[in-house]
Amino acid sequence: MIRSRIAGCGSYLPERIVTNHELTQKIETTDEWIVQRTGIRQRHIAAEGELTSDLATHAAKKALEHARIEASALDAIIVATTTPDLTFPATATRVQANLGMTKGFAFDVQAVCSGFVYALTLADNFIRLNQAKNVMVIGAETFSRIIDWSDRTTSVLFGDGAGAIILQQSEGHGDKGDRGILSTHLHADGHHFNTLCTSGGPSSNRQVGTIQMQGQEVFKHAVRRLAEVVDEALAANHVAPHELDWLAPHQANKRIIDSLAEKLSMPPEKVIVTIDQHGNTSAASIPLALCQGVKDGRIQPGQLILIDAMGGGFTWGSALIRW
Ligand code: UT7
């Protein structure tokens with residue numbers, strides 16, 4: 001059976017760090033409130049003129065180095081982002097040019113915070129259909145550009161960053177012992193379109209808009225939907241929660257992560273948490289968490305990892321991966 005194996009990963013965070021303390025000087029908030037309600041202590045913010053494609057390119061180059069392959073070996077680049085450089089063309093095409101590629105295909109995926117799981121699913125399907133052998137999947141965001149910095153209910157939550165992984169075609173037996181993507185599970189329910197959205201868009205008002213979120217409503221759905229979709233991934237692979245080596249969830253709120261870990265009876269030391277350092281980086285948060293786990297030696301080849309995300313739309317999804 002054809003499998004998509006992880007050949008390498010790379011990440012990039014902008015240099016500038018904004019602490020909770022710095023935010024307390026601009027808006028009416030406190031470090032205690034932000035830490036207690038979200039788990040966030042700081043976030044990275046892109047420099048003036050630093051674009052989503054720049055963040056994505058840095059992460060992509062590191063992933064190529066890690067996988068020890070040249071950009072010319074890639075058949076496709078998929079960038080999951082809600083904050084593209086321009087309305088069009090796709091940010092992925094700019095990353096492709098930045099990497100010096102002259103072949104292959106490139107496009108963006110828009111599923112907000114679930115974007116990486118959606119992009120990973122597409123990449124896995126291209127590989128399993130034998131339409132590509134090496135695919136770069138990137139989650140890259142400059143959410144700082146669509147934040148209303150005077151709105152304390154959203155401005156404390158988000159950060160900028162990028163993470164990239166390379167999927168490579170390989171062979172497996174078709175069971176849960178295989179290395180690579182074992183299964184992916186995607187969902188959407190557009191009835192919640194307005195619960196987490198921006199106040200603008202090209203066809204609505206020709207604006208980019210800023211983030212509007214009914215936080216409690218999103219929180220409630222996230223806890224329920226994520227529990228459902230991780231169960232779906234475990235059941236599809238006949239895997240019990242205790243067999244998992246790592247949970248590498250989307251990093252929106254530490255309380256959401258804790259509730260999911262508790263449901264799976266996973267001890268905190270088996271959960272990769274970066275929200276304290278990165279805030280919510282939307283589509284970049286899962287690849288950033290995976291790269292962090294690889295960099296510090298926690299994630300090892302052959303280990304079983306569950307990823308999950310939920311975001312605007314609503315969209316949500318999960319994937320089970322043997323690294
Ligand atoms: O990645 C995409 C998915 N996104 C998510 O999953 C986010 C889900 N939602 C959440 O994480 C949480 O709902 C938030 C972190 C956004 C908010 O936490 P909460 O515990 O739901 O707070 P709340 O909205 O119920 O607000 C509680 C209080 C309110 O004051 P009153 O009305 O009780 O007086 C807010 O005005 O906290 C106030 N508040 C703040 N206080 C200090 C809201 N933001 C702040 C702030 N600093 N930054």
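Student: What percentage of the 323 residues in the chain is buried?

Tutor: The model is a predicted one. A residue counts as buried when its relative accessible area is under 20%. Of the 323 residues in the chain, the buried share is 57%.

Student: How does the radius of gyration of the chain stand against the globule rule for 323 residues?

Tutor: The chain contains 11 helices and 13 strands. For 323 residues the globule rule gives 20 Å, and the chain comes close to that value, so it is as compact as a globular protein of that length. Its C-alpha trace spans about 55 × 45 × 40 Å along the principal axes. The radius of gyration itself is 18 Å.

Student: What share of the contacts between residues at least 6 apart in sequence joins residues at least 24 apart?

Tutor: A contact requires heavy atoms within 4.5 Å. Among the contacts in the chain that link residues at least 6 apart, those joining residues at least 24 apart make up 76%.

Student: Which span should helix α5 have at 1.5 Å a residue?

Tutor: Helix α5 covers residues 115-128, which is 14 residues.

Student: Is α5 largely enclosed or largely open, and how many of its residues are buried?

Tutor: The buried residues of α5 include F116, Y118, D124 and I127. The helix is largely enclosed by the rest of the structure, because the buried residues among its 14 number 11.

Student: Which residue with a positive phi follows α5?

Tutor: The phi in question is near 65 degrees. The residue that follows α5 with this positive value is N130.

Note on methods. Residues are numbered from 1 along each chain as its sequence is written. This is a predicted model: local features need pLDDT of at least 70, side-chain atom pairs count only at pLDDT 80 or more; totals for chains, interfaces and linings use all residues. Side-chain values use heavy atoms; hydrogens and water are left out. Helices (H or I, at least four residues) and strands (E, at least two) are DSSP runs, numbered from the N terminus. The radius of gyration is taken over C-alpha atoms; the globule rule is 2.2 Å times the number of residues to the power 0.38. Buried means under 20% relative accessible area, exposed over 50%, partly exposed in between (1.4 Å probe, protein chains only). The expected span of a helix is 1.5 Å times one less than its number of residues.
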